[in-house]
Amino acid sequence: MTSPKHTNDTNRRSQDTDVWKELLSCTWKTPLGIIGVSLTTISVTLIIIGLICHLTGLISDHYFFIFTFLFLPLMMLFGLALIPLACYFRRKKWFKDSLININHLQINLADKQHRKGIVLFLILSVINLTIITLVLYEGYRFTDSSYFCGVVCHEVMDPEYSAHQRSPHAKVPCVSCHIGTGSNWYVQANLSGIRQVKAIISGDFNRPITAPVEHLRPARETCESCHWPDKFHGKKIKEFVRFTNDNQTNPQIQEVALHIGGRNPVTDEFEGIHWHVSRNITVEYQALNKKRTRIGKVRVTKSGGTTEEYSTSNETPDEGVTPEWRTMDCIDCHNRPTHIYDQLEQIINFGLFSKKITPGITGIREDSITLLKTEFTSRNEATERIIPNLLELITKRHGKDFVDENKKEIVRSGTFLLEAYLNNVWPKMKVSWGTYRQHLGHLYADEGYGCFRCHDEEHKTKSGKLIKQDCDMCHDEPE
Ligand code: HEC
Ligand code: HEC
Ligand code: HEC
Ligand code: HEC
Ligand code: HEC
């Protein structure tokens, strides 16, 4: 015989369990619950299928990747979150309608059923969270990769991606310069990333993408995580090779010994070209146009806070531009550290110098220039036309027999020109020869690029001190 108290207890316990069961099973029946359960189940199934396809290499499409590793896990999380929400609403409704006694809906650890339920819940949660974390981590790593930046927005970023792939920074991921470490920048970049994705979908972006990038992370933070201006010193010799149309075989070679400077280990003073970014010195300037190719006032602040301000005679900004002070950093000279495009004549000179373009074929330099300047409507058209066009041009010059005899050499030269074209021209993005220029040096000073934006002997302080243009300040006097 059981005591009345005992019966009471058993009753109460089974009643508790029943209410719980009722609540949980009812959850499936509410619309919210159904959505939650279906979303979770479908997402998990698809993720598992996707994971298998990905791991076995069956599908490597990047849209598929984004779908599996970013979209589905988010859907799964969303679905999971709906389930307790559905429970909660149901419970609230029951209370309101006084259908149950609140005591029936408490977790009772002494109850075996409850303990089982909790353990099951914990196990399932751990499994779910592990899957989600793994999958989201893969997704996160993927969005962080150069491949994602360059290839997913294929058409738009193709010029930057391929230039980056051939540069000294090919192994440096896009995010190291464009985002940098720190969650703050990551969030900012992703916010602007979302704007960019929107722009790409709607086709509402500039062609070519405008440079300079206005909100690039301060270069001193990104570049200096790898390069240390204190360590630059001495000179760097650069060689410049030039041919002319009349002289394709004997180049004029100019060696320039650049005073890259940095900290002088003897005097501990900063000097030379990297003086602008040395400790204790701040150089600021006001750009008069968006491209920063016209510079108005320049201000130098030295240690101790003494400042000097240089002005120039024409400081009227372009329409719509309000001059603002910008602190000079690496990007003001190294604006193309990784998206480096060739200059048309320079790449042809390189071809002749390396004999990838056969210098022995008279007139080939001129024909190469004509060919690369041709405005093809697409990269495909260029791929089809460049070699045949070169054969035609050389035929015009030297006749059919000559071309037949030297066909191999001409095709080889054409192949080099085609590669040069594909590395530099994207008609759809309106990126062509000279679209993006460097600020290092002064070859394009006429167009406002390079050091002579400030070093023009026109920028003066009130006391008449100039930003000088003496050749031997920046490099040994060229011979
Ligand atoms: C070593 C640093 C560095 C890396 C790595 C890098 N960038 Fe850049 N990128 C820059 C700088 C600096 C600019 C700004 C150029 C300017 O202001 O004139 C820039 C500009 C751009 C622009 C604007 C258009 C242009 O050419 O100026 C795009 C688009 C871009 N980068 C995409 C990418 C992508 C995609 C990757 C990875 C494949 C990448 N970047 C990797 C430094 C970097
Ligand atoms: C993650 C590290 C890293 C970051 C960030 C980085 N660089 Fe570099 N940089 C390198 C490496 C590695 C090289 C290649 C050195 C070599 O090939 O000898 C290099 C080479 C260079 C060179 C020499 C190129 C040449 O033609 O020899 C310049 C200039 C340069 N970086 C400037 C920059 C600037 C400007 C930034 C910031 C926008 C930057 N780097 C950011 C790692 C980095
Ligand atoms: C006033 C313009 C200017 C500024 C500002 C500047 N550089 Fe340079 N830098 C140059 C020039 C010019 C060279 C030599 C030309 C070359 O290497 O193509 C050079 C060379 C370099 C090199 C190659 C050195 C070597 O020994 O090959 C690196 C790396 C570099 N700079 C990094 C930086 C970093 C990082 C910053 C920012 C902290 C910076 N530079 C700021 C003009 C500048
Ligand atoms: C935004 C303006 C600006 C630009 C752009 C600029 N400079 Fe300067 N530079 C200055 C100013 C200002 C001084 C200091 C003049 C003085 O105090 O005599 C200076 C000084 C120098 C010095 C002398 C440093 C020393 O040892 O005291 C060198 C070398 C130099 N610049 C090289 C370059 C090179 C190379 C470039 C282009 C790659 C360049 N500068 C671009 C503003 C600029
Ligand atoms: C403010 C610094 C600065 C001054 C002043 C300067 N240069 Fe240069 N020059 C450079 C830099 C930096 C380069 C390297 C460009 C590069 O790395 O592509 C260069 C490259 C050159 C080259 C080789 C590239 C080419 O265009 O053929 C020649 C030649 C040259 N300079 C001549 C001169 C002469 C002549 C003077 C004097 C009137 C002078 N430079 C004054 C900074 C300067």
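User: Is His227 buried, exposed or partly exposed, and what's the relative accessible area?
Analyst: His227 is partly exposed, with a relative accessible area of 42%. Buried is under 20%, exposed is over 50% and partly exposed is in between, using a 1.4 Å probe and protein chains only. Keep in mind that this is a predicted model, where local features need pLDDT of at least 70, side-chain atom pairs count only at pLDDT 80 or more, and totals for chains, interfaces and linings use all residues. Residues are numbered from 1 along each chain as written, chains are lettered from A and ligands numbered from 1 in written order, and side-chain values use heavy atoms, without hydrogens or water.

User: Which protein donors does the iron atom of ligand 2 have?
Analyst: They are His169 and His227, each through NE2, lying 1.9 Å from the iron atom. Donors here are N, O and S atoms within 2.8 Å of the metal (3.2 Å for Na, K and Ca), and since water is not among the atoms, sites may look incomplete.

User: Where do those two sit?
Analyst: His169 is in the loop between helix 6 (154-165) and helix 7 (174-178), while His227 is in the loop between helix 9 (219-223) and strand 1 (236-242), so the pair ties together parts 58 residues apart in sequence. Helices (H or I, at least four residues) and strands (E, at least two) are DSSP runs numbered from the N terminus.

User: And how accessible is His169?
Analyst: His169 is partly exposed, at 22%.

User: Switching to ligand 5, which protein donors does its iron atom have?
Analyst: His442 and His475, both through NE2, lie 2.0 Å from the iron atom of ligand 5. His442 is in the loop between helix 14 (407-424) and helix 15, and His475 in the segment after helix 15, so this pair ties together parts 33 residues apart in sequence.

User: Which side chain has an N or O atom 2.8 Å from an oxygen atom of ligand 5?
Analyst: That's Arg242. Lys238 also has a polar side-chain atom 2.9 Å from an oxygen atom of ligand 5.

How values were computed
A polar contact is a pair of N or O atoms within 3.5 Å; within protein, one must be able to donate a hydrogen and the other to accept it, and residues adjacent in sequence count only if both atoms are side-chain atoms.
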